[in-house]
Amino acid sequence: MPLYQRIVRDVLTPLALWRRGETAQLRFEREFERTQFLPPEEIRRLQLARLRSLLFHASDNCPFYQRRFEQAGFAPGLLRNLEDLRALPPLEKRDIQEHGADMVARNWPRSDLIRNQTGGSTGTPVTFFLSGARKCSRAAATLRHNRWAGWEVGDKAAVIWGAPQDRPADGWRSRFRNALLREPMWLDAGCLTEERMVEFHHALHRVRPHIIQAYARAVVMFARFLQARGLTAYQPHSIVTSAEILEKEDRDLLEQVFRCPVYNRYGCREVSVVASECSAHAGLHVMAEGLYLEIETPNGPAAPGEMGAVLVTDLLNGAMPLIRYRIGDMAAWADGPCPCGRGLPRLERVAGRVTDFLVGADGRLVSGVFLATYVVAQRPSLGQVQIRQHTAGAVVYRIRPGRDFDPIADGEYLREATRRRLGAGAVCEWEAVDEMPAEASGKFLFSRSTVAPRFLAAQA
Ligand SMILES: [Zn+2]
């Protein structure tokens with residue numbers, strides 16, 4: 001490891017943590033390095049112990065959970081194994097919106113409540129609080145998962161990201177601090193214009209970051225752009241994608257253009273990193289020391305390989321417990337051990353937001369992102385495409401037509417693609433627009449269904 005990087009890792013970063021009163025992060029880092037290799041049954045034992053104490057704490061200090069436990073006839077002392085948690089109903093986003101204040105622990109020091117908020121890109125924002133210690137354990141978890149992708153503290157990184165609250169602050173003081181601590185260089189995915197992408201391309205060759213971390217769709221768009229321009233992409237050690245689903249086709253394209261491995265990651269603002277790929281690229285290991293994850297189908301817990309809704313319990317945040325929180329994503333468990341030897345459970349795949357899913361004529365669930373990007377957008381004359389759904393078995397395509405758009409032939413192509421993906425009885429309409437509305441968050445909205453969430457809730 002180069003000398004300056006060692007100084008960043010062993011001296012400057014610990015100093016910065018000490019100044020902020022966050023040295024607990026270093027303790028969590030050491031702990032998580034060790035616990036990731038515990039056998040699966042020991043990790044489950046650790047989860048059960050943490051879950052038990054969280055439930056007692058919530059029952060003693062959070063009015064919302066006192067009521068909820070009582071209504072469900074549940075008491076923390078009844079919990080014998082992790083599965084017993086299913087006696088409680090899932091925690092919905094609207095529960096937090098309506099009763100968030102009653103979820104904050106009454107005995108928690110007000111000075112130790114760190115406010116955070118989800119972006120509004122997929123509905124109403126949710127406000128929640130975490131403790132200082134949880135902030136530290138989240139950072140430690142992220143660093144561990146970075147390490148799986150060959151990303152050490154002090155490595156240079158470039159970030160293609162959209163969430164404005166994550167952006168490094170401006171001003172010489174923070175710029176100096178960021179340079180000193182090797183904070184990543186930044187490309188705003190909210191405005192991926194051609195000029196910005198050219199600038200970023202040159203900056204990558206100049207700065208030579210070890211890692212690129214990116215919104216999946218944004219870096220795919222960047223790769224397509226480089227390819228179309230015939231530009232030789234900068235080759236980093238690896239690419240870490242997150243915030244959106246990564247289709248196999250996306251990964252193939254990225255690995256071909258950037259000539260490096262891609263590590264997919266799944267996280268959310270409420271609980272930070274949820275799961276990440278290790279170098280075996282055989283699914284995503286869950287951050288199980290801090291999170292208890294469940295995947296629920298309409299018929300109960302999902303079997304390995306079976307897709308269902310993700311529920312998460314944050315085992316390390318006593319400030320405002322989230323118990324069986326429905327994140328709004330779909331995922332499936334992987335089966336068997338990982339060749340890397342880690343005992344952390346694995347997700348086989350993460351299939352994106354529930355609202356990304358379209359409901360077919362026969363009740364089947366189809367990824368709207370896949371339909372938009374790999375079926376419809378394969379036809380250049382259709383240009384840019386967004387899909388909306390308000391009725392099962394029916395979709396509306398909003399298109400910004402390409403140059404050779406032909407209403408009759410392209411209309412027939414859409415009808416055929418719809419029937420092929422959503423079932424024989426499926427119907428569609430299309431409307432042409434001049435401008436495709438962009439999401440403020442920098443995520444690309446390909447598909448939005450108001451039917452899928454209702455459909456899944458009705459079956460649960
Ligand atoms: Zn592994």
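**Helix and sheet**

Modeller: Helix α12, residues 407–422, lies across β18 (394–400) and β19, and its direction is at about 140° to β19. Please note that this is a predicted model.

Colleague: What is the strand order in the open sheet of four strands?

Modeller: The order is β19-β18-β17-β20, and the pairing is mixed.

Colleague: Which strands stand at the edges?

Modeller: Those are β19 (427–432) and β20 (447–449); each has a single partner strand, so one side of each is left without a neighbour in the sheet. Neighbouring strands of this sheet are turned by 15° against each other on average, with direction ignored.

Colleague: How many bridges join β17 to β20?

Modeller: Three bridges join β17, residues 384–391, to β20, and the two strands run parallel.

Colleague: Changing topic to α2: what span should its twelve residues have?

Modeller: At 1.5 Å a residue, helix α2 (residues 24–35) should span 16 Å, and its end C-alpha atoms are 16 Å apart, which agrees.

Colleague: Which residues of α2 are buried?

Modeller: Q25, F28 and F32 are the buried residues of α2. They cover an arc of only 60° around the axis, which puts them on the same side of α2.

Colleague: And what covers the buried residues of α2?

Modeller: The cover includes α1 (3–20) and α6 (132–148).

Colleague: Which exposed residues does the face turned away from the buried side of α2 carry?

Modeller: That face carries R30 and R34, both exposed.

Note on methods:
Residues are numbered from 1 along each chain as its sequence is written. This is a predicted model: local features need pLDDT of at least 70, side-chain atom pairs count only at pLDDT 80 or more; totals for chains, interfaces and linings use all residues. The expected span of a helix is 1.5 Å times one less than its number of residues. A residue is buried if 20 or more other C-beta atoms lie within 10 Å of its own, exposed if 12 or fewer, and partly exposed in between; C-beta atoms are placed from the backbone. The arc is that of the directions from the helix axis to the C-beta atoms. Two residues are in contact if their C-beta atoms, placed from the backbone, lie within 7 Å. Two strands pair if DSSP finds at least two bridges between them. Axes are lines fitted to C-alpha atoms, for helices over the stretch in contact, and angles run from 0 to 180 degrees between N-to-C directions.
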